[in-house]
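Here are a few exercises to work through with the model open in your viewer. Try each task before reading its solution.

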Amino acid sequence: MKFENADRDRESLNKKMGYPYNIALIGFMGAGKSTVSHQLRQMLNLQEYETDEMIVQKEGMAITEIFEKRGEPYFRDCESRVVASLGECSQSVISCGGGLVMRAENVANLKKSSRIVLLRAQPATILGRVINSTGRPILNGHMNEEYISSLMEKRRGAYESAADIVVDTDKKSIRKICDELLEKLAAYKN
Ligand code: S3P
């Protein structure tokens with residue numbers, strides 16, 4: 001789909017927010033970050049960055065391979081480096097890996113130039129979205145609602161305190177999610 005007024009809509013949002021902030025999408029695996037990110041890129045003619053994708057490019061390995069060969073702490077260090085490197089970007093949407101906000105330094109780096117949007121979904125919705133995925137090492141061997149629910153609960157505080165705005169994605173079309181997100185961003189005041 002082509003969005004005729006993407007540049008005008010982006011400028012109008014920048015004006016309402018008072019500054020051309022980036023939009024950083026955070027939330028649990030399967031919350032809809034990548035899908036929403038692609039849609040926002042098109043709707044507002046933004047640059048798009050996906051932290052997982054940047055790590056894969058840099059390391060020359062898939063996420064699962066990085067976890068297997070180097071371990072999770074190594075992957076988390078890669079995430080922190082990627083977020084730090086995004087400090088200079090503007091007019092962008094940044095889709096963050098689901099565990100990225102567990103490090104306070106990453107949140108602080110994101111906050112320098114981005115409004116942080118938490119995308120949420122119920123554990124059952126998440127499971128339905130990720131059940132056939134083999135590329136998420138955190139869920140390998142734990143592909144069930146109970147595990148998703150308990151990990152989500154452990155992360156809830158970090159997600160919610162990092163977020164400037166929150167959008168629930170259950171049972172909503174991608175267009176509805178993006179429209180709601182942009183309305184909330186335009187209305188957001190520090
Ligand atoms: C992770 C989420 C993944 C990816 C990695 C770890 C997590 O990203 O960064 O597998 O700890 O929640 P998505 O949220 O895009 O699936």
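## Exercise 1: The ligand's oxygen atoms

To begin, a polar side-chain atom of Arg136 lies 2.7 Å from an oxygen atom of the ligand. This is a predicted model, where local features need pLDDT of at least 70 and side-chain atom pairs count only at pLDDT 80 or more, while totals for chains, interfaces and linings use all residues. Residues are numbered from 1 along each chain as its sequence is written, and side-chain values use heavy atoms, with hydrogens and water left out.

**Task.** Find what Arg155 and Gly98 place by oxygen atoms of the ligand.

**Solution.** Step one: take Arg155, where a side-chain N or O atom is 2.7 Å from a ligand oxygen atom. Step two: turn to Gly98, which brings a backbone N or O atom to 2.9 Å from an oxygen atom of the ligand. Step three: look at the cover; the ligand alone exposes 390 Å², and the protein buries 94% of that (Shrake-Rupley method, 1.4 Å probe).

## Exercise 2: The shell

**Task.** Work out which helix gives the most residues to the shell around the ligand.

**Solution.** Step one: 14 residues surround the ligand (a heavy atom within 4 Å), and the closest are Lys33, Asp52, Arg76, Arg136 and Arg155. Step two: sort the shell by class, giving five nonpolar, three polar and six charged residues. Step three: helix α5 (residues 72–85; a DSSP run of H or I, at least four residues) gives the most, with three residues.

## Exercise 3: Asn109

**Solution.** Step one: Asn109 belongs to helix α6 (residues 104–113).

Notes. A polar contact is a pair of N or O atoms within 3.5 Å; within protein, one must be able to donate a hydrogen and the other to accept it, and residues adjacent in sequence count only if both atoms are side-chain atoms. Helices (H or I, at least four residues) and strands (E, at least two) are DSSP runs, numbered from the N terminus. Ala, Val, Leu, Ile, Met, Phe, Trp, Tyr, Cys and Pro count as nonpolar, Asp, Glu, Lys and Arg as charged, and the others, Gly among them, as polar.
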